[in-house]
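Visitor: I'd like a tour of this protein, please. Could you show it to me and take my questions as we go?

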Amino acid sequence: MPLQSQLPVKAMACGNCGHGLFRVFSYETDFVMKLVTQCEKCDSTSVIEPVPATLRIEFGEGSDGRLCRMDPKTP
Ligand SMILES: [Zn+2]
């Protein structure tokens with residue numbers, strides 16, 4: 001049964017040759033796990049890995065200042 005009929009998934013293809021079949025490998029260290037796919041036609045590889053989250057501090061609406069790294073001038 002095609003997966004597309006069971007889940008809202010979309011097919012993906014190799015950006016180099018357009019082929020649609022891949023081998024999937026796991027790459028694991030103590031700290032991270034990545035997936036590596038290899039196109040069965042042209043051997044192009046893709047690495048699928050998590051990107052660490054970052055914090056961003058922006059000005060609040062109408063605010064004249066925002067948090068920054070400095071010693072406070074008052075307690
Ligand atoms: Zn390919």
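Predicted model: local features only at pLDDT ≥ 70, side-chain atom pairs only at ≥ 80, totals over all residues.

Guide: Residues are numbered from 1 along each chain as its sequence is written.

Visitor: How many helices and strands does the protein have?
Guide: Both are DSSP runs numbered from the N terminus, with helices being H or I of at least four residues and strands being E of at least two. Read from the N terminus, the elements go β-β-β. So the count, by that definition, is zero helices and three strands.

Visitor: In what order do the strands sit in the sheet?
Guide: Two strands pair if DSSP finds at least two bridges between them. β1 (residues 22-28) and β2 run antiparallel, joined by seven bridges, and β2 pairs with β3 in the antiparallel sense over four bridges. The open sheet therefore has, by this pairing rule, the order β1-β2-β3.

Visitor: Which strands stand at the edges of that sheet?
Guide: The three strands form an open sheet. An edge strand here has a single partner strand, so one side of it is left without a neighbour in the sheet, and that goes for β1 and β3.

Visitor: What is the bridge partner of serine 26 in β2?
Guide: β1 and β2 are joined by a hairpin through four residues, and their strands run antiparallel. Across from serine 26, the bridge partner in β2 is leucine 35.

Visitor: Which residue in the turn between β2 and β3 has a positive phi?
Guide: β2 and β3 form a hairpin with five residues between them. The loop there lies between β2 (33-39) and β3 (45-48). The residue has a phi of about 70° although it is not a glycine: aspartate 43.

Visitor: Is aspartate 43 buried or exposed?
Guide: Count the other C-beta atoms within 10 Å of a residue's own, with C-beta atoms placed from the backbone: 20 or more is buried, 12 or fewer is exposed, and in between is partly exposed. Aspartate 43 has 11, so it is exposed.
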